[in-house]
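Trainee: I would be grateful for a close look at one part of this model. Could you take me through the pockets and what surrounds them?

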Amino acid sequence: MKILIPTAKEMNTEIPSLDAYPLRPESQAVLDELATYSTQELEKFYKISAEKAQEEYERIQALKDQRAKHYPALKLFDGLMYRHIKRDKLTEHEQAYLEDHVLITSALYGVVPALSPMAPHRLDFLMKLKVAGKTLKSHWKLAYDEALQDEDLIFSLLSSEFETVFSKEIREKMVTFKFMEDKGGQLKIHSTISKKARGAFLTALIEGQVQTVEQARKLSFAGFDYRPDLSSDLELVFVK
């Protein structure tokens, strides 16, 4: 069983760094393409300020020149979802579960174990980068599928947009999750609630050592409970 989580734009580099792994060929091809962009082109590409574009340019060049600092990915990313994941003071069993089951999906690094070394980067699959004439999704599809081809059960905490990097065959094995809030009898979904809930849900999976859909259905966390009336075999709905 594997659990898929996305990267995040917010990052924390005030943590101990790690030795880098050599970049895989797919990653190197993406990096080579990114490294051709000037600061001004990155500003337009990412739709960010000139200051942020300069920072990203320096990150890309440092990675290209093998000077970049690398950090455990689960602790590097620091968006809302990540801040609700139990990342410190893990028991031995929780640490082992995290290492065995949780994978991060990156447009630069591929599908990798959650504690793999990563350099800070902004790239995601919404960016219109072409690698050897292919979209990022097309470029990564084969490697993404290979990462999960032997898995019978996949829990996806990705957005549906990012799930489409995988082939239909892999997506059909995915169990997805929806997190809703009951506001006076009206069920609502919004991104802040969903991001916090994904992090809290992953924490509940880790603490509960969950390895089956049946075990996942029994979880209660951060005020959320499973709603069988709203769920299907491949989509579990939790309501707060």
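**The pockets and their linings**

Mentor: The lining of the largest pocket comprises 13 nonpolar, 9 polar and 9 charged residues. Please bear in mind that the model is predicted. The space in this largest pocket amounts to about 760 Å³. Its lining consists of 31 residues, and those closest to the centre are Pro6, Leu157, Ser159, Lys195 and Arg198. At least two lining residues come from each of α5 (80-83), α8 (160-163), β9 (174-183) and α10 (191-208).

The second largest pocket has a volume of about 210 Å³. Among the residues that line this second pocket are Tyr21, Pro22, Gln28, Leu31, Leu63, Lys64, Gln66 and His70. Sorted by class, its lining holds 7 nonpolar, 3 polar and 2 charged residues. Both α1 (25-34) and α3 (50-64) supply at least two residues of that lining.

At 1.5 Å a residue, its 15 residues should span 21 Å, and the model agrees because the end C-alpha atoms of α3 are 21 Å apart. Within α3, the buried residues are Ala53, Glu56, Ile60, Gln61, Ala62 and Leu63. The cover over these buried residues includes α1 and α2 (39-46).

How values were computed. Residues are numbered from 1 along each chain as its sequence is written. This is a predicted model: local features need pLDDT of at least 70, side-chain atom pairs count only at pLDDT 80 or more; totals for chains, interfaces and linings use all residues. Side-chain values use heavy atoms; hydrogens and water are left out. On a 1 Å grid over the protein atoms alone, a cavity is a set of points where a 1.4 Å probe fits but cannot get out, and a pocket is an open set with protein on both sides within 12 Å along at least five of seven lines; lining residues have an atom within 4 Å of a point. Grid points are joined across faces, edges and corners, and a volume is the space filled by probe spheres set on the points. Helices (H or I, at least four residues) and strands (E, at least two) are DSSP runs, numbered from the N terminus. Ala, Val, Leu, Ile, Met, Phe, Trp, Tyr, Cys and Pro count as nonpolar, Asp, Glu, Lys and Arg as charged, and the others, Gly among them, as polar. The expected span of a helix is 1.5 Å times one less than its number of residues. Buried means under 20% relative accessible area, exposed over 50%, partly exposed in between (1.4 Å probe, protein chains only). Contact means heavy atoms within 4.5 Å.
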